Number of protein chains: 2
Amino acid sequence: MQSQSIGLVEKRFFHLPASLALEGGDSLDSITLAYETYGELNQTKSNAILICHALSGDAHAAGFHLGSDKAGWWEIMVGPGKAIDTDRYFVICSNILGSCMGTTGPSSVNPKTGKAYGLAFPVVTIGDMVTAQKALIDSLGITRLLSVIGGSIGGMQTLEWSIRYPAMVFSAIPLATTQRHSALAIAFNEVARQAIMADPNWQNGDYYEGHKPDLGLAVARMIGHITYLSDTAMRNKFGRRLQDKDAFSFNFDADFQVESYLRHQGNKFVNRFDANSFLYITKAADYFDLTARKSAEHQPAFAATTTRYLVVSFTSDWLYPTRKSKAMVKAMKKHAIDVSFCEIEAEWGHDAFLLPNPRLGDMLSGFLDRMSKEYRNDNTHAL
Amino acid sequence: MQSQSIGLVEKRFFHLPASLALEGGDSLDSITLAYETYGELNQTKSNAILICHALSGDAHAAGFHLGSDKAGWWEIMVGPGKAIDTDRYFVICSNILGSCMGTTGPSSVNPKTGKAYGLAFPVVTIGDMVTAQKALIDSLGITRLLSVIGGSIGGMQTLEWSIRYPAMVFSAIPLATTQRHSALAIAFNEVARQAIMADPNWQNGDYYEGHKPDLGLAVARMIGHITYLSDTAMRNKFGRRLQDKDAFSFNFDADFQVESYLRHQGNKFVNRFDANSFLYITKAADYFDLTARKSAEHQPAFAATTTRYLVVSFTSDWLYPTRKSKAMVKAMKKHAIDVSFCEIEAEWGHDAFLLPNPRLGDMLSGFLDRMSKEYRNDNTHAL
């Protein structure tokens, strides 16, 4: 079958009916979630898949918005005949709490003041993001998701879903992710945050009526891009090749292609992303730690879930290397969980899950197909 | 034999007698080099060792300055009875061109304007640093160094010495270094430079009469410290341990020890280092590429040297990993060079060469002892 784009799609908005109690102790009123859906929910509501996006992603996972030629961020994977086949599945993607792509976050208007929250926005966790998503899924009348899928911080949400709402998550596919951030991952995030907070325009987060901390955010994004690639990926992509010149400039222009690439990524990012959202989402990722989590019965996190997992890592991912995924799989297996694990050979580093990869596509479609069958045969369906 | 500190030492200054022609095409007048020496030069001037320092180092490698209790940066390695034994060897260390620790650099007064150079200082190379050092060694009446030793960027200078002035370098010990920067190493340096240049106080390098770009420099240093450690080193040193608290702060304070550590390193650095020097020295390191260098006979860099090498790498160094050293050793061996190579098990990442390590000490002292004997027996001595 020929795969194609889902075509025109629309961003929608869901307003949470009640305030959300947050893990940090605060509660948050008037939350809006931006989301998109692709495909049709079937009569038994058994074909719903939730896609969770990463740090700088949004609800626009596939297709095109009216008047734009920019495809969704996972267009390669989501659409009719694609690995996540919208002819078969009803796919939902929502922008995470704390972000700036339509969902409530630090750049949103605080109803109490009529001005942007800034740092008055509470620090949210991956758990809070998932709790907000659950309200959306509830509102769609879906009691159990066929699968939750996500990479990187989206993978953390995927894991969180399966731990927090196990009865609602028939299967889960955490990609290129980890049960918790290493000191190294925290270090990268912290330096990126410091770059933002060092920008005088940051103004302790209260910059929405003045100049934005673009220079700081650009540096933060550059740090991020170093972690998304890998030594190998950079060598293959750039090596020591010079940018548009035959010799060194002997000044502080970008001599090397890798320098131009990073500057470009940094400058591009500031046009579409909010610096405070970068702070909040990276903090949520740093706080995430499934290994420290206990179930209601004081058991390890995976003791209480019945979710079936497909865990995928990528050989050149140095942010969340394969050994992190293996530790996760080991923790799952201790509780006799149905888990498949695959390490995919890919030289693009952490970003690999976003790039075309037939092996990843085949693995997702095969797993989802098996899950569809098992879901139909599962007696515990009517929970 | 008991090892001890060399004790009180003095910083000296050498004024280059002539202007220096730089690789970038400019020339530089009125260069001063800060340097220190330890031990005594013997009658045959055959016991001289030059130590080359890394990015943020200085001429103060060992001992103490009057009124200060801060030992030199390689106190563990240099002194009476130590691996680099000042009872046997005459040890020289000089601050590199472009730095800010007594040697001429961008923070020095430009004699043409009476003001600090700032970006009017020419971009210098590792080769230029070495050419300036050679003038110092010449002035001391030393025609051949028993050894040149250095780690990281100091290792680049060590290699450069052996290629540029092979007849003057009987042996060389490049530690934790590389023939050239990878795209990844350039990327880290570039983001660090961008952090400095993003600081509004940087003022295009012209900040010496106003506020310094401390916030940008601190972020740059934090990026550096991520590369000096390693995933393993950070896990062992910090893991996910919290700083002075039992629970997350749910704000943007430093929650984790690794965050406090990086902030501390960043803040400490701005008191002792010049932001422009950081730009110049990292640029010199990025430009360094022995693999692209040809001898006068259009042969590879190592074709024309007779230097004996001891190459040392460290298992957890991810900035200049062992495979970089192995590539260097391979290039040397192609030209039948006398080279010993050792990878030392060390979990502290790139910084390992600065930390106590009996194995490294034994290796240096053993190699230097062998070199002393070979130097004495060498017929080509009188060049």
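This is a predicted model: local features need pLDDT of at least 70, side-chain atom pairs count only at pLDDT 80 or more; totals for chains, interfaces and linings use all residues.
Reader: Ok, step back. How many helices and strands are in chain A?

Author: Chain A has nine helices and 14 strands.

Reader: What radius of gyration does chain A have, and what would a compact globule have?

Author: Chain A has 21 Å, and a compact globule with 383 residues would have a radius of gyration near 21 Å, so the two agree. Along the principal axes, the C-alpha trace of chain A spans about 70 × 50 × 45 Å.

Reader: How much of chain A is buried?

Author: 54% of the 383 residues of chain A count as buried. As for contacts in chain A between residues at least 6 apart in sequence, 72% join residues at least 24 apart.

Reader: What about the largest nonpolar core? Which residues have the most contacts inside it?

Author: The largest nonpolar core has 251 residues. Those with the most contacts inside it are A:Ile49, A:Val191, A:Val219 and A:Ile223 from chain A, and B:Val191, B:Val219 and B:Ile223 from chain B. In soluble globular proteins, nonpolar side chains tend to be buried together.

Reader: Take A:Ile49. What is it in contact with?

Author: Leaving aside neighbours within four places in sequence, A:Ile49 is in contact with A:Ile84, A:Tyr89, A:Phe90, A:Val91, A:Leu145, A:Leu146, A:Ser147 and A:Ile149.

Reader: A:Phe90 and A:Val91 turn up there. Which strand has residues 90–94, and how many of them are buried?

Author: That is strand S8 of chain A, and five of its five residues are buried. A:Phe90, A:Ile92 and A:Ser94 are on one side of S8(A), A:Val91 and A:Cys93 are on the other, and both faces are covered.

Reader: Which way does S4 of chain A run against S8(A), parallel or antiparallel?

Author: Strand S4 (residues 32–38) of chain A runs antiparallel to S8(A), and four bridges join them. In S8(A), A:Val91 is the bridge partner of A:Tyr38.

Reader: And S5 of chain A with S8(A), parallel or antiparallel?

Author: Strand S5 (residues 48–52) of chain A and S8(A) run parallel, again with four bridges. The partner of A:Ile51 in S8(A) is A:Cys93.

Reader: Now S12 of chain A. How many of its residues are buried?

Author: Five of its five residues, 171–175, are buried. One side of S12(A) has A:Ser171, A:Ile173 and A:Leu175, while the other has A:Ala172 and A:Pro174. Strand S11 (residues 147–151) of chain A runs parallel to S12(A), joined by four bridges. A:Gly151 has A:Leu175 as its bridge partner there.

Reader: Over to chain B. Is B:Ile149 buried or exposed?

Author: B:Ile149 counts as buried because it has 32 C-beta neighbours inside 10 Å, and the cut-off for buried is 20 or more. B:Ile149 lies in strand S11 of chain B. Not counting residues up to four places away in sequence, B:Ile149 touches B:Ile49, B:Ile51, B:Thr158 and B:Ile173.

Reader: How far apart are B:Ile149 and B:Leu364?

Author: They are 215 residues apart in sequence, and 9.3 Å apart in space, C-alpha to C-alpha.

Reader: Last topic, phi. What is the phi of B:Ser30, and what is it for B:His298?

Author: Phi is near 55° for B:Ser30 and about 60° for B:His298. Both values are positive, and neither residue is a glycine. Most residues other than glycine have a negative phi.

Reader: Where does each one lie?

Author: B:Ser30 lies in the loop between strands S3 (27–28) and S4 (32–38) of chain B, and is partly exposed, with 14 other C-beta atoms within 10 Å. B:His298 is in the loop between helix H7 (275–287) and strand S13 (308–314) of chain B, and counts as exposed, with 7 C-beta neighbours inside 10 Å.

Technical notes
Residues are numbered from 1 along each chain as its sequence is written. Chains are lettered from A and ligands numbered from 1 in the order in which they are written. Helices (H or I, at least four residues) and strands (E, at least two) are DSSP runs, numbered from the N terminus. The radius of gyration is taken over C-alpha atoms; the globule rule is 2.2 Å times the number of residues to the power 0.38. A residue is buried if 20 or more other C-beta atoms lie within 10 Å of its own, exposed if 12 or fewer, and partly exposed in between; C-beta atoms are placed from the backbone. Two residues are in contact if their C-beta atoms, placed from the backbone, lie within 7 Å. A nonpolar core is a set of buried Ala, Val, Leu, Ile, Met, Phe, Trp, Tyr and Cys residues joined through C-beta atoms within 7 Å. Two strands pair if DSSP finds at least two bridges between them.
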